[in-house]
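Good morning, and thank you for joining.

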Amino acid sequence: MKKRLNKKGFTLVEIIVVLVIIAILVAIAAPAMTGYIKDAKEKAVLTEARAALTAVQAQAAQNYATGDVSMDATKADAAYKTLTGSTKGTVTAATVNSSGKVTVFTFTLDNKTASITSDGGLAITN
């Protein structure tokens with residue numbers, strides 16, 4: 001019988017050690033990835049909400065120019081979908097004051113709701 005002098009390959013212990021190291025790295029990275037995914041989803045909602053708010057403000061300005069300052073969620077949602085071409089979310093509330101400015105605005109997408117803040121920005125409310 002010939003003895004094999006050039007043994008190639010990994011031992012079972014070496015493979016197990018590598019698998020344990022990979023498992024530890026995954027255990028550390030998984031919670032961090034979950035946070036990144038959540039942040040990305042919230043940013044997507046805010047981006048779409050900004051587009052919707054801009055569309056509603058444009059429609060409100062156009063209505064104000066014709067003397068109509070009425071705006072409800074149905075008109076606002078229609079303006080959002082018409083002007084942006086998007087059907088991702090829904091404008092659930094919109095109110096325009098007498099000077100044609102949107103004062104109340106709520107947008108829902110993927111079970112997340114964005115509302116207008118007191119400074120005119122948008123924030124996730126739930």
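Let me begin with a definition: a salt bridge is a side-chain nitrogen of Lys or Arg within 4 Å of a carboxyl oxygen of Asp or Glu. Please note that this is a predicted model, in which local features need pLDDT of at least 70 and side-chain atom pairs count only at pLDDT 80 or more, while totals for chains, interfaces and linings use all residues. Residues are numbered from 1 along each chain as its sequence is written, and side-chain values use heavy atoms, leaving out hydrogens and water.

Consider glutamate 48, in helix α1 (residues 12-65); helices here are DSSP runs of H or I with at least four residues, strands are runs of E with at least two, and both are numbered from the N terminus. Glutamate 48 is buried but has no salt bridge. Buried means under 20% relative accessible area, exposed over 50%, and partly exposed in between, with a 1.4 Å probe and protein chains only. Which side chain of opposite charge is nearest to glutamate 48? It is lysine 88, 4.1 Å away; Lys and Arg count as positive, Asp and Glu as negative, and His and the chain ends are not counted.

The structure holds 1 salt bridge. In it, the side chains of aspartate 77 and lysine 81 meet at 2.9 Å, N to O. These two residues are 4 apart in helix α2, and are therefore separated by about one helical turn.

Finally, the largest nonpolar core has 20 residues, meaning buried Ala, Val, Leu, Ile, Met, Phe, Trp, Tyr and Cys joined through side-chain atoms within 4.5 Å. Its largest share, 7 residues, comes from α1.
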